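Try each task yourself before reading its solution.

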Amino acid sequence: MAMTEPSIHGDFDYTATGILGDKRSTMLHNELHLRDRVGHVKTRGFDLPGKGFAYGLPYDRREFTAANALQGWNGTYLTKGGATKTRSATERDFMYLNRAAIAGGLVKAPENSDYRATHDARRLPFDKKEMASKMRSRRLPPTMVFGIPSRPSTPIFDLLEHKYQDRWVKDRQNQLSAKKSAEIKRRVMSAPAGSRNHGMIYETRASLLRTYQNPVDPAPLWQLPRFTKSAKPHLQTFRKDSAKAAAFRNLETDKIGRQGDFGTGIYEKAQS
């Protein structure tokens, strides 16, 4: 006799408990309690909040916002309850109290609270006229630019041509030669007074020829062999080499009035 699967209808049929056992609404959203259905795609997801839900980060109300700046910094600010409160001129200086407590060796919270209860320090009143006079006395040039300077662009051509490596090798050679010269000079000066090696070193023709190096042309940049012989340009837009050189000279002078790192952008406007 063939066994047939009983027909089950319910939300908890494909959970870990099945038909029997305790059933909780959280089982319908927990991946550990859900079971796959044969021949169906496994569904995953989260339920969206209601209509009154506001997405994003909470905005905390802070003192001295843009509204206070537009009102002229009249010394008023909003409390958490929304009421307007006037800032007192004799406000307690908690930064001074904290520094004084730490200087006295009070680092725990109860000790700091006791110190604040037994000591008092007030901040100086804010004088608008004095601040305005200071701002007027501080003259800044009209071309003053505020902010952080932008990072210069990376010289990609110097990286491709290994200029940094060549510069480091040259500096290293100069350091070694200077160190060797100083060592030779130290040995000569430390020799006895009556010896032949005492005193200055005089260069002779033989010593100059030993230290002179014939200039050698730098090796050309490496290229694939197939591009050195077989690969040739299919289009020549200049009739003569002199015309090509003249065009590049004109391009160098035209870069002055153009934008871009390589002077190939649009023309800049005239600046006074």
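## Exercise 1: Salt bridges around one lysine

Glu 161 is partly exposed, since its relative accessibility is 35% (buried means under 20% relative accessible area, exposed over 50%, partly exposed in between, with a 1.4 Å probe and protein chains only). Before going on, please note that this is a predicted model, in which local features need pLDDT of at least 70, side-chain atom pairs count only at pLDDT 80 or more, and totals for chains, interfaces and linings use all residues. Residues are numbered from 1 along each chain as its sequence is written, and side-chain values use heavy atoms, with hydrogens and water left out.

**Task.** Find which residue forms a salt bridge with Glu 161, and then look for the salt bridge between Lys 163 and Asp 158.

**Solution.** 
- Step 1: apply the criterion, a side-chain nitrogen of Lys or Arg within 4 Å of a carboxyl oxygen of Asp or Glu.
- Step 2: Lys 163 is the partner of Glu 161, with 3.7 Å between the closest N and O atoms.
- Step 3: Lys 163 also meets Asp 158 in a salt bridge, at 3.7 Å from N to O.
- Step 4: check the accessibility of Lys 163, which at 38% is partly exposed.

## Exercise 2: A pair within a helix

**Task.** Work out how far apart Glu 183 and Arg 186 lie along helix 6, and how many salt bridges the whole structure holds.

**Solution.** 
- Step 1: helices are DSSP runs (H or I, at least four residues), strands are E runs of at least two, and both are numbered from the N terminus.
- Step 2: helix 6 covers residues 163-189, and the two residues are three positions apart in it, so about one helical turn separates them.
- Step 3: an α-helix has 3.6 residues a turn, so residues three or four places apart point the same way.
- Step 4: the closest N and O atoms of Glu 183 and Arg 186 are 2.5 Å apart, in a salt bridge.
- Step 5: Glu 183 is partly exposed at 30%, and Arg 186 is partly exposed at 48%.
- Step 6: elsewhere, shared partners link Arg 92, Asp 120 and Arg 122 into one salt-bridge network.
- Step 7: the search of the whole structure gives seven salt bridges.

## Exercise 3: A nonpolar patch

**Task.** Determine which helix gives the largest share of the nonpolar patch.

**Solution.** 
- Step 1: patch members have over 30% relative accessible area and no salt bridge; like charges are joined within 9 Å, and nonpolar side chains (Val, Leu, Ile, Met, Phe, Trp, Tyr) within 5 Å.
- Step 2: Ile 156, Phe 157, Leu 159, Leu 160, Tyr 164 and Phe 262 make a patch of about 620 Å², with areas from the Shrake-Rupley method and a 1.4 Å probe, where for residues only the protein chains shown count as cover.
- Step 3: helix 5 (residues 156-160) supplies four residues, the largest share.
- Step 4: Leu 159 lies in helix 5 and is partly exposed at 41%.

## Exercise 4: The whole chain

**Task.** State how many helices and strands the protein chain has, and what its mean pLDDT is.

**Solution.** 
- Step 1: there are nine helices and two strands, in the order α-β-β-α-α-α-α-α-α-α-α.
- Step 2: of the 272 residues, 7% are buried.
- Step 3: the mean pLDDT (the predictor's confidence in each residue, from 0 to 100) is 76, and 76% of the residues reach 70 or more.
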